[in-house]
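Please keep the sequence and the coordinates at hand while reading.

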Amino acid sequence: MLTGIHSERPSRIDIPQLLAVLCLMVLSVAFVYSATRLNEIGVTSFYHQTFFKQFIWFILGLGAAAAVCMVDYHIICRWSFVAYWLCILILIVVLIPGIGKTHGWGARRWIDLPGFQFQPSEFAKLAFILAQANYLSRPVDELRQRSIFWSAIGLLLLPFLLIMKEPDLGSALVLVPTGLIMLTVAGTPPRYMLQLVGIGAILGGLLVTDLLYAPPKYRIKMKEYQVKRLLVYFGRNYVSYSAPGGDAAEQRRLKEEQLKDEYNVKQAMIAVGSGGMWGEGWRQGQQNALGYVPKAGKHNDFIFCVIAEELGFFGSVVVLALYSVILFTGIRIAGQARDRLGKLLAVGVVTLLFSHIFINIGMNIRIMPVTGVPLPLLSYGGSSVLGSLIAIGLLQNIYMYRKAY
Amino acid sequence: MLIFDQLKKDDPHLRFLAIVVLAGILILLTGLWWVQLVSTKYFQKSLENQSTRSVRIPAIRGKILDRNGIPLADNRPFFSVDLFLEDLSGKYQSAFNSAASRLKTNINLQIAAKEKLLGRKLKPQERKQLAVSEQGLALLHQQTRYDATTALLASLGEKLSQPISLTQTNFEKWYEKSRVLPLPVLINLNQTQIARFEEQSGTVPGVDLDVTSLRYYPNGAMAAHVLGFLERDNQSDDVQSRHFSYPLTDYKGVTGVEGLFDDALHGTAGAKSVVVNNQGFRHSETIETPPSPGENVVLTIDFNIQKAAEAAMRTHLGVNAHSAVVVMDPRNGDILTMASQPAYDPNFFVQPMDPAAREAQWELLQDTNRRPQLNRAMHENYHPGSIFKIVVGLAALEQGLDPNAKFHSLGNYPMKGLREPIGDTAGPGDFDFDRALAKSSNPYFITQGLKEGVLPRILELGHRLHFGEKTGLFPRAEARGNFPTLAAVSKRDWYPVETAYLSIGQGRIDVTPLQIAVMISAVANGGDVYFPRLVSAIVPDGETEPSETFPSARLRDKLGVSERSLRIVREAMLADVQRPAPEGTGHAAAVPDFPIAGKTGTAEVENRNGKKDRSLKDTWFVSFAPYDSPRYAVVVMVEGGASGGLSCAPVAHDIYLAIQKHEQNLKPGSKAGTLATVQ
């Protein structure tokens with residue numbers, strides 16, 4: 001492959017990664033069009049349509065990524081804690097009704113700016129990576145101190161809890177593997193990590209067991225829709241889950257509710273599964289066009305099932321291959337980084353992207369529960385696109401200022 | 001390679017990350033491989049289920065035939081012009097697009113005008129107010145496709161010289177729910193319209209002629225009560241209890257043969273599945289199971305006699321007289337004719353009709369006085385009156401009555417305990433059995449009935465004739481009548497006066513014309529009481545071998561009286577018709593060269609208050625013919641007639657005349673003659 005390090009005149013930027021990113025952008029615009037065209041043809045001018053807006057976001061995102069590349073990442077990281085605390089502040093502000101907007105989703109995640117809606121959690125993820133990398137880039141010996149370790153955990157928990165409060169379980173959850181991998185790569189003693197993971201796993205397991213199997217009065221209180229998503233994911237029956245003694249009408253209501261809740265997952269699965277090897281062709285997806293795939297989600301969180309239905313397994317492999325290129329070039333960039341800061345930054349970005357990809361695609365084939373996590377560079381959405389491209393810009397930045405250069 | 005570069009490097013942390021990422025990608029790939037390639041059949045099936053609609057195809061209903069194969073209930077082709085919406089989808093889209101671009105220009109003009117007025121660019125917020133909302137777009141879609149459809153229908157209507165109307169609500173309902181099915185826009189086309197359509201339709205896209213089968217009763221109201229009627233059945237509760245997205249209209253039999261034999265007539269509905277495309281229009285269709293037509297039901301009814309009987313009733317009584325005729329073959333109990341007036345036209349329930357005519361017909365059907373849906377031949381109780389004297393006479397003869405003994409009548413019968421004597425129309429004088437039956441002398445038969453041992457004999461005969469019991473022909477549309485039991489007459493509240501009334505067919509006795517037909521058949525055939533038979537066989541469509549037959553001449557009972565007594569009664573009945581009036585009360589029925597034996601009857605009926613009412617009489621004429629070898633038993637009953645002889649006998653006369661003519665046509669000799677001339 002074109003790896004700059006061995007060539008006579010080293011490339012300033014990582015070409016394969018950039019190509020993969022551009023391919024994904026083309027796919028994104030094409031399938032956002034396919035997913036939304038039936039609702040938007042006609043009166044809306046093309047520059048008001050979703051696919052065009054996505055295109056504009058990509059242009060803006062590329063500009064932002066180029067801007068990020070202009071400045072050495074060391075200089076950027078000097079401002080990391082300013083960015084981090086700014087994001088924490090915005091995450092607090094977004095929780096205030098009247099400033100934070102729900103846009104009919106029941107979760108307060110957005111801030112309306114003139115022209116577009118801004119989703120602070122997308123940027124908080126990046127700010128967290130910058131701050132965490134900066135913090136952990138200290139000498140390895142210092143990481144043996146418990147206080148440093150717990151501070152780093154605190155750095156993770158603060159945005160995690162604030163995003164959970166919105167609530168946006170998916171966005172909060174992707175922070176966890178990102179933080180943990182960064183801690184590991186930084187050189188935190190393995191026993192700390194094992195303790196942390198062990199305690200986390202036991203607590204998480206207890207929580208899920210309690211929610212799913214404990215008698216109603218011993219359950220921890222959670223938002224109803226979150227409990228439902230867990231029930232759907234673990235295939236539990238709403239009727240047997242509810243308090244015993246409900247009358248027939250109540251049971252019927254629960255049953256209907258369960259069908260409704262399972263509907264999205266089921267329809268997404270049908271869309272993906274019916275794609276077969278080569279798919280039904282661009283814009284020919286039946287599930288997509290007949291409106292079985294949830295209309296509200298199919299151009300953002302469920303974009304993958306539109307691609308999988310219309311391009312089949314072939315399309316899925318192409319998408320995964322493109323992501324693999326980005327992720328593995330990212331890991332390579334981490335290996336080539338000039339210093340620990342660059343390596344940690346690259347690892348953080350790679351893990352963050354990977355978590356998004358795994359959760360989002362996994363949700364389409366039902367190995368992960370349904371959580372509102374966008375698919376980087378494919379899902380529609382300004383904040384997500386900007387965040388992803390800035391992350392790519394960071395990777396390129398690290399590459400540009402790598403060891404050999 | 002990218003991956004191996006990292007794994008070679010001596011950086012365990014990055015190697016760990018690379019392995020995690022690689023594992024994750026592989027898990028996703030395996031999952032996708034499983035869902036998209038291994039189980040793709042399952043998911044494609046689910047998708048197919050979501051994109052196919054099953055449509056029920058009603059079967060063609062079996063015919064109802066008379067004994068000679070003449071259809072009494074048939075089907076006729078029903079032509080309609082259908083609109084195939086999938087052929088119009090392109091039209092809808094282009095209509096919408098042009099309307100949309102017009103709208104856009106319009107909005108742009110508005111914006112320009114406003115900007116000129118304000119002298120500045122509009123803010124995005126202000127622009128948004130002028131733009132079209134999502135609902136606005138949906139409405140525009142609706143409006144443009146409705147307009148495109150009506151424009152098409154208008155041009156079609158012009159070509160057929162027939163305006164076609166389609167309301168927007170109906171169209172929209174069809175579009176939303178049944179888009180995959182053709183939309184009928186013009187139904188029940190006549191021959192001229194069909195011809196015009198065939199000539200013109202080539203120029204109009206998306207329309208086609210559709211032909212379905214519709215129940216049709218070619219003879220209108222004829223034998224309506226035997227045939228019954230259909231009603232629209234939207235339940236489509238098939239035996240398979242399959243769920244259909246579109247059941248399509250079907251009919252089910254409610255009463256009469258249509259109702260009783262609905263299972264055989266109905267046939268089995270077929271099913272077709274329609275694949276819809278990604279806009280919900282029909283893409284293709286396959287017939288899964290073709291419908292299998294219903295079986296034909298063959299009746300014992302003879303079309304010619306039925307027709308003659310109803311014509312006779314209309315001629316002599318008018319269409320509104322409450323009357324009934326039953327013609328039975330006394331040799332086996334086959335019902336050759338069953339008619340009831342007033343009648344209704346069963347076509348009313350299935351054939352399309354103009355609303356005003358429908359309203360008028362509905363009024364007539366609901367008339368509580370006429371009650372046209374009532375089958376008076378078997379679903380209503382009547383006093384038999386003098387015709388019951390046949391049974392009383394038989395009982396008395398069996399108990400040793402000398403038919404030649406003279407009885408002196410006073411012209412009425414003074415009954416102990418009654419303020420007035422029981423009246424009589426025969427007048428005073430001397431009567432032997434013959435004259436007493438012919439002139440219907442009440443004192444004669446009351447005297448016989450009150451004799452020791454005669455009443456139990458009357459009851460025995462009545463029970464053997466199964467008075468007071470149903471014949472089982474139409475289980476839910478049959479009156480059982482009333483007839484006293486032996487236990488009832490042994491009770492202390494049974495007074496001699498009731499025996500006296502019973503002896504002249506009044507009081508505690510009610511019968512149906514059908515029961516009387518069974519009775520007169522038994523007298524004619526020498527004492528065999530048969531179950532009446534109406535349906536002789538069920539024959540699958542297009543075949544000659546019946547799938548089910550119903551045996552003829554099912555013996556129900558034996559009368560158990562001597563041939564001598566029967567002969568005496570029959571002779572008296574013959575005299576009643578053959579002697580001119582006043583000696584023969586039923587002379588009006590007589591037909592030359594066709595010896596008929598008969599008996600008239602006029603029963604007084606209590607009105608609602610239990611008082612006798614002269615205007616409410618059940619008048620009868622019961623008869624059989626030819627006298628020497630009886631093949632026909634004819635019973636005529638008229639509610640509120642003048643008398644049996646005046647109201648009923650002329651109807652019987654016409655029926656016998658038609659039978660005589662009919663028989664001459666059927667004679668082997670004449671048939672051979674026609675064959676010979678053909679050859």
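In this predicted model, strand S11 (residues 323-329) of chain B is joined to strand S21(B) by six bridges, and the two strands run antiparallel. Within this pairing, Val326(B) stands opposite Val635(B) of S21(B). Strand S21 itself spans residues 632-639 of chain B, and because seven of its eight residues are buried, it is largely enclosed by the rest of the structure. As a general point, side chains in a regular strand alternate between the two faces of the sheet.

Turning to the helices of chain B, helix H17 covers residues 454-464, and its buried residues are Val454(B), Leu455(B), Arg457(B), Ile458(B), Leu459(B), Leu461(B) and Gly462(B). After H17(B) comes His466(B), whose phi is positive, near 60°. In an α-helix, which has 3.6 residues a turn, residues three or four places apart point the same way.

Glu115(B) is found in helix H4 (residues 85-118) of chain B, and Glu115(B) counts as buried because its relative accessible area is 16%, which is under the 20% limit. Leaving aside residues up to four places away in sequence, Glu115(B) touches Arg120(B), Lys121(B), Leu122(B) and Arg127(B). His141(B) lies in helix H6 (residues 134-160) of chain B and is partly exposed, with a relative accessible area of 29%. From His141(B) to Asn97(B) the separation is 44 residues in sequence, while the C-alpha to C-alpha distance is 9.3 Å.

On chain A, Met70(A), Val71(A), Ile75(A), Trp79(A) and Val82(A) form a nonpolar patch on the surface, and together they have about 520 Å² of accessible area. One of these, Ile75(A), is placed in helix H3 (residues 73-78) of chain A and is partly exposed, with a relative accessible area of 37%.

The totals for the two chains are set out below.

| Chain | Length | Buried share | Accessible surface | Carbon and sulfur share |
|---|---|---|---|---|
| Chain A | 405 residues | 55% buried | about 17400 Å² | 67% of the surface |
| Chain B | 679 residues | 51% buried | about 32200 Å² | 54% of the surface |

Chain A has 15 helices and three strands, whereas chain B has 23 helices and 21 strands. Among contacts in chain A between residues at least 6 apart in sequence, 72% join residues at least 24 apart, and for contacts in chain B between residues at least 6 apart, the share joining residues at least 24 apart is likewise 72%.

How confident is the prediction for chain A, expressed as mean pLDDT? The mean pLDDT of chain A is 81, and 78% of its residues reach 70 or more. Within chain A, confidence is highest in helix H14 (residues 340-364), at a mean of 92, and lowest in helix H12 (residues 286-289), at 63. Over residues 1-9 of chain A, pLDDT stays under 50, and for these residues the model has eleven contacts beyond four places in sequence. Where pLDDT is low, the predicted coordinates should not be read in detail.

Definitions and conventions: Residues are numbered from 1 along each chain as its sequence is written. Chains are lettered from A and ligands numbered from 1 in the order in which they are written. This is a predicted model: local features need pLDDT of at least 70, side-chain atom pairs count only at pLDDT 80 or more; totals for chains, interfaces and linings use all residues. Side-chain values use heavy atoms; hydrogens and water are left out. Helices (H or I, at least four residues) and strands (E, at least two) are DSSP runs, numbered from the N terminus. Buried means under 20% relative accessible area, exposed over 50%, partly exposed in between (1.4 Å probe, protein chains only). Patches are made of residues with over 30% relative accessible area and no salt bridge: like charges are joined within 9 Å, nonpolar side chains (Val, Leu, Ile, Met, Phe, Trp, Tyr) within 5 Å. Accessible areas come from the Shrake-Rupley method with a 1.4 Å probe; for residues, only the protein chains shown count as cover. A salt bridge is a side-chain nitrogen of Lys or Arg within 4 Å of a carboxyl oxygen of Asp or Glu. Contact means heavy atoms within 4.5 Å. pLDDT is the predictor's confidence in each residue, from 0 to 100. Two strands pair if DSSP finds at least two bridges between them.
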